Amino acid sequence: MNGDLVLLAILMGAVTYPSRAVPLLAPGIERLPPAVLAYLRLVGPAVLAALAAVNVLVIEGPGGRPQLHVGVETLAVLVAVAIVAWRRNLLLGVAIAVGLVVLARSTGIA
Amino acid sequence: MSVAAAAFGVVYGLAARGAGFSLVDAMAMSLIVFAGASQFAAVGFVAQGMPWIAIVGFTFLLNARHVLYSAALAPWLQRKPRPERAAIAHVLTDESFALSLAHFGRIGRADVPGYWVAAAFIWLPWQAATVAGWLGGQLMPDPTALGLDVVFPAAMGALAVAVITGRRELAAAIGGAIVGVAAALLTSTSIGIIAGGLIGPAIGLAIPRRGSDATTPDDAPSLDGHDESIGVAP
């Protein structure tokens with residue numbers, strides 16, 4: 001397959017780009033009601049927390065069904081969150097989370 | 001996050017080659033779609049012989065969460081030129097959204113050069129790693145053995161903390177996480193993330209506002225856009 005899938009990539013891009021662009025390009029966002037702007041300000045914390053929680057707590061179980069999973073990765077993410085809340089240092093939090101996971105896996109704990 | 005993007009980009013390139021993608025095909029996905037989860041899914045679907053219409057439909061659903069990112073950034077970027085916003089949209093990912101929103105919130109205004117720095121730190125490694133993975137990914141150790149699979153959730157959780165400035169943001173984050181996981185368990189991970197991102201803010205708005213809370217209707221960000229580099233970590 002030499003370039004056969006470029007058209008597929010274009011089609012996938014065509015359905016992805018509007019999701020990224022339409023709200024950014026929509027005119028008059030500054031004229032939205034204050035309640036809507038307040039809602040939009042809360043989307044960031046909500047969606048970031050949802051991304052983290054779903055990514056670390058939901059895995060694909062038998063038959064592809066989503067399944068709850070609590071493991072060392074969950075602990076690592078909680079440690080990273082605590083470190084960032086305490087020290088405001090993203091790099092330190094993520095580095096310690098990775099170190100915890102590597103340690104747990106290399107010692108057979110996880 | 002750049003290291004994680006590079007590691008998984010290598011895996012993507014390797015997987016794409018295994019599924020029969022040419023280097024041009026694999027790069028077209030990374031350049032045009034630039035959305036890791038849907039690219040990985042597409043590789044699997046193509047390998048299974050799934051019809052293109054189904055792949056495109058699944059891509060739409062998987063990437064629909066970007067609407068929330070775009071809507072959340074729109075008030076910050078409303079006065080930027082339309083072509084610039086159109087370009088910004090193409091490189092809007094989980095990571096560039098998280099980094100830029102935390103950064104804008106920290107400095108109290110939009111910072112377009114900072115956004116481009118954040119996006120470049122994901123875009124460049126992803127593109128380079130796609131090529132590297134396609135050419136020689138079998139030489140790379142499994143990213144999970146290096147703990148790189150935890151970088152993404154740890155960084156997203158940490159950046160959620162970085163954008164919490166009051167009780168409403170805290171309630172939105174906790175609500176988003178709980179709703180997201182519950183909805184993901186009942187449906188799928190992509191729907192769970194969208195549900196958490198949609199319902200979490202409503203939970204936050206239900207919390208009575210206090211004077212110290214930053215999320216008020218009239219604390220709209222200033223929009224001057226001076227240069228300042230991304231600096232979530234002090």
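## Chain B at a glance

Let's start with chain B: of its 234 residues, 56% are buried. Keep in mind that you're looking at a predicted model. Chain B has eleven helices and zero strands, so its pattern along the sequence is simply α-α-α-α-α-α-α-α-α-α-α. Now take the contacts in chain B between residues at least 6 apart in sequence: 76% of them join residues at least 24 apart.

Chain B also splits into two domains, with domain 1 covering 2-143 and domain 2 covering 164-219. Their centres, taken over C-alpha atoms, are 24 Å apart. Where the two domains touch, domain 1 of chain B brings six residues and domain 2 of chain B brings five. On the domain 1 side of that contact you'll find four nonpolar residues, one polar and one charged.

## Where the chains meet

How many residues of chain A are in contact with chain B? The count is 67 residues of chain A, against 89 residues of chain B. On the chain A side, the elements that give two or more residues are α1 (6-25), α2, β2 (66-68), α3 and α4. Helix α2(A) supplies the largest share, with 23 residues.

What kinds of residues make up this side of chain A? Sorted by class, there are 52 nonpolar, nine polar and six charged residues.

## The nonpolar core

The largest nonpolar core has 115 residues, and A158(B) and L159(B) are the ones with the most contacts inside it. Its largest share comes from helix α2 (residues 34-57) of chain A, which gives 17 residues.

## A closer look at helix α4 of chain A

Here's a quick check you can follow yourself. Helix α4 of chain A (residues 90-106) has 17 residues, and at 1.5 Å a residue it should span 24 Å. The C-alpha atoms at its ends are 24 Å apart, so the two values agree.

Which residues of α4(A) are buried? They are L90(A), G93(A), V94(A), A97(A), V98(A), L100(A) and V101(A). Because these residues cover an arc of only 155° around the axis, they sit on the same side of α4(A). What do they pack against? The partners are α3 (72-87) of chain A together with α9 (151-162) of chain B. After α4(A) comes G108(A), with a positive phi near 80°.

## Two residues with a positive phi

Most residues other than glycine have a negative phi. Against that background, R88(A) is worth a look: it isn't a glycine, yet its phi is positive, near 55°. You'll find R88(A) in the loop between α3 and α4 of chain A. Is R88(A) buried or partly exposed? It counts as partly exposed, because it has 16 C-beta neighbours inside 10 Å, and a residue needs 20 or more to be buried.

F34(B) is also a residue other than glycine with a positive phi, near 50°. It is in the loop between α2 (23-33) and α3 (36-48) of chain B. With 23 other C-beta atoms within 10 Å, F34(B) is buried.

Note on methods. Residues numbered from 1 in each chain as written. Chains lettered and ligands numbered in written order. Predicted model: local features only at pLDDT ≥ 70, side-chain atom pairs only at ≥ 80, totals over all residues. Core = buried A, V, L, I, M, F, W, Y, C linked by C-beta atoms within 7 Å. Buried ≥ 20, exposed ≤ 12 C-beta atoms within 10 Å, placed from the backbone. Helix = DSSP H or I, 4+ residues; strand = E, 2+ residues; numbered from the N terminus. Expected span 1.5 Å × (residues − 1). Arc of directions from axis to C-beta. Contact = placed C-beta atoms within 7 Å. Nonpolar A, V, L, I, M, F, W, Y, C, P; charged D, E, K, R; others polar. Domains from an automatic or database assignment.
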